[in-house]
Amino acid sequence: MSQDAHEHKQSFISHYIFSTDHKMIGKQFLLLSTIMACLGGFMAYLIRWEVAFPNVPAPFFGLVSPDKFNAIITLHGTIMIFFVGMPFLSAFPSNFFIPLMIGARDMAFPKLNMASFWLTFAGAVLLVASFFVPGGPVAGGWVGYPPLSASSEFAGVKWGACLWLLALAMAFFSSSLGGLNYLVTAITLRAKGMTYSRIPMTVWFLLASAVTFFFSVGPLIAGDFMLIMDNMFGTGFFLPAKGGEPMLWEHLFWFFGHPEVYVLFFPALGMGLDIMATFTRKPIFGYKLILWSTVSAILLSFIVWAHHMFLSGLNPILATPFSITTILISIPFAIIIFCMLATLRHGSIRLEVPMLWMLGFLATFLVGGLTGIFLGSASVDIYLHGTYFVVAHFHYTLFPSVFFGGFSAVYYWFPKMYGRKLNEKLGLLHLALTFIFFNGTFWPLFRVGIGGMIRRIADPSFYPQYHQFANWNIFATICAISLIASQSVFLWNLVLSMNHGPKAGKNPYQSNTLEWLADSPPPHGNWGPVLPVVTSGPYEYSKPGESEDWHSQASNIKGETVHG
Amino acid sequence: MDGPVSGSGPSAGPASDRRMEPARLGIILFIIAEIMFFSGLISSFVMFRFSPVPWPPPGQPRLPLEVTSANTLILLLSGLTFFLALKPLKASNSQLFKGLLTATAVLGFIFLAVQGAEWVRLLHFGLTVHASIFGGFFYCLVGIHAVHVTGGLIALLWVLNKAWKEKYSAQNTLGVELCRMYWFFVVGLWPILFFLVYLI
Ligand code: HEM
Ligand SMILES: [Cu+2]
């Protein structure tokens, strides 16, 4: 057929580099985020090394002096959130799976999609380039609070700050264009019969993530622009000396920043729900309830931002309403988690690797979510703000979402992406090591934080009151290094299985959703001459009176089944 | 590739369900993102505007109210001509359509030119971006709006070019409508900025 012939004619450049095929763009995002994760991981190692062994040169790097330490924590955060979390958890699955799961041939705007990837790429390049400019990279923390970030007079960093702000702008534009594309695609290009109540959770939650990003980022783009003006053109929007207001940035940043944490959480939840349905052979409990809870969580996420600013000089009268909204927002998430538990109940659970990763995600995320409720209460936060408790909290939310959730998706869909299965033993080993060392790294930080240790300190040995935590910190660092090293199991598995893994058929898990009807890997245009016509919902597993325990969403395309 | 089972009804080709045009939805979403962006800018400005600090600060020039009022009318007029342009196109009155479209572009261009001339004057009077927050906000709000007008104008010239080549017809109006939605956004935003920056 014509689409096939088209694919063979593509040159290397149009196929791998300037591709407009949604699957190739998805893979590009995956590759970029993997590279950036290696970079971010290396920085994590340097941070932990310096905290545990202050003033001892770090192997493979040298001494992490305080100025380098500040730059490294800043870039670690920025890279992990905008150049690992966003591409790995949002852009990669949105690109790869939204068209496949709704039965479309590609995105609504393929060229815009390509632009979105190259914008992220340019942002990553700018960020890395900031290591090589005079003054080095920006060092004011990933939240970029002025006046440190607004004038080189304070931090001694001019070009680094500008590059950082430009890189952020690239990431914002990229994710906005991406989000626009995902939304338009899902609304206008659904296959026949793919009604709103038949859309799989993965797609719903990727859209939730896109909407949340889309509506919250605008003000921060404005803030980013104003900060660039402050740095480059001498305005003083955020500089008190010129009549500016530094807190304005904090508002703009956290108005985006809090919704952003849900942007990085929703995809993991949606993909987790689909994985759960497949491996419990049961319909999702409370499909509509989950969706409406999500809607309310999105709405609430726009009115909680000041819980990051309780100690910023915010009017204390505002602390109470923001505490209340913050604690309220845990209700919809509690509902969703209970729906997930109810889905597990009486399921015929298959503990395969993706399912185990998903359960690992739930178990660890729960700790992060629950500690958030403590922090949301202004009276508790006054004590905990700025300590390692906060660091532990957000790593217990972000790491589970991005890595446990992201890995469960990669293990689950790898057969679809590359036509081969990942090695299960290595997958289990990867999970076991990651789970143990993740908890080993961040659990001690709760203890250290409650003990009062402040984050962003290069040399804790300088402060006598922190000497008591030295062993905790060394333990956390050893676990962190092991955690980073464990990821090589995954990289090895990828390389091995991509070339030598057992061939997977179209539908290795007997799953219902549409992507399992396409070839593995799906060809250019995804479907043959005939588009799927959807006749049933995504979760019709174990229907009474049917011979098989699954039921593909489209009946007009015959998917071959390979058991096991 | 393995053959999908065909013969299951009219499923070949794109879905025939009536759905929104992707490009139209795309523009709507784009405008929403723009609105969020401007709300960030505007609320930052309002925060300063209503602080106890005198505004405009002493020593900084007052803004050219009269010229800009007239200019506002010009921009609004361009919105009107674009509004009126669609009907003749749908009624296959190509001449009137092209005329109104051209008028829109000319009015938009006049608006930009007058804005530019005013800025040159203000710069001479010492209203620069770094002279005060006032200057910073003035050029940010008004300048970013001007960038948007320029963007709209480029799109408009593109549409105009196609219109003169008779590429549009009563059935094929999408390009014109998309450009028009964006132009309405740019035109509709201006009175708000004008009110906030110049009037109060
Ligand atoms: C019910 C859920 C949650 C609540 C109530 C909550 C509450 C909070 C509060 C009050 C803080 C501010 C602590 C401080 O700085 O003193 C905070 C920080 C943070 N939270 Fe959460 N959170 C929740 C879920 C999440 C999720 C799901 C994520 C990410 C996926 C997340 C990521 C973060 C991050 C990144 C920070 C710290 C940013 C920084 O200061 O560098 N949180 N959280
Ligand atoms: Cu928050």
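The accessible surface of chain B comes to about 9700 Å², and carbon and sulfur atoms hold 70% of that area. Accessible areas here follow the Shrake-Rupley method with a 1.4 Å probe, and for residues only the protein chains shown count as cover. The model is predicted: local features need pLDDT of at least 70, side-chain atom pairs count only at pLDDT 80 or more, and totals for chains, interfaces and linings use all residues. Residues are numbered from 1 along each chain as its sequence is written, chains are lettered from A and ligands numbered from 1 in the order in which they are written, and side-chain values use heavy atoms, with hydrogens and water left out.

**Chain B**

Chain B contains 5 helices and 0 strands, and its pattern along the sequence reads α-α-α-α-α. The radius of gyration of chain B is 22 Å, well over the 16 Å that the globule rule gives for 200 residues, so chain B is more spread out than a compact globule. Helices (H or I, at least four residues) and strands (E, at least two) are DSSP runs, numbered from the N terminus. The radius of gyration is taken over C-alpha atoms, and the globule rule is 2.2 Å times the number of residues to the power 0.38. Along the principal axes, the C-alpha trace of chain B spans about 80 × 45 × 25 Å.

Of the 200 residues in chain B, 46% are buried. Buried means under 20% relative accessible area, exposed means over 50%, and partly exposed lies in between (1.4 Å probe, protein chains only). The 13 positive and 8 negative charges of chain B have mean positions 6 Å apart. Lys and Arg count as positive and Asp and Glu as negative, while His and the chain ends are not counted; each charge is placed at NZ of Lys, CZ of Arg, CG of Asp or CD of Glu.

**Chain A**

Chain A holds 18 helices and 0 strands. Its radius of gyration is 24 Å, which agrees with the value near 24 Å for a compact globule of 564 residues. The C-alpha atoms of chain A fill a box of roughly 70 × 50 × 50 Å along the principal axes. Chain A exposes about 20400 Å², of which carbon and sulfur atoms supply 72%. In chain A, 28 positive and 24 negative side chains have centres that lie 7 Å apart.

**Metal sites in chain A**

The copper ion (ligand 2) is coordinated by His258(A) through ND1, and by His307(A) and His308(A) through NE2, at 1.8 to 2.0 Å. These donor residues are spaced H-x48-H-H in sequence. His307(A) counts as buried at 12% relative accessibility, whereas His308(A) counts as partly exposed at 22%.

The iron atom of ligand 1 has His393(A) as its only protein donor, through NE2 at 2.1 Å. His393(A) is placed in helix 16 (residues 388-418) of chain A. A distance of 4.5 Å separates the copper ion (ligand 2) from the iron atom of ligand 1. Donors are N, O and S atoms within 2.8 Å of the metal (3.2 Å for Na, K and Ca); water is not among the atoms, so sites may look incomplete.
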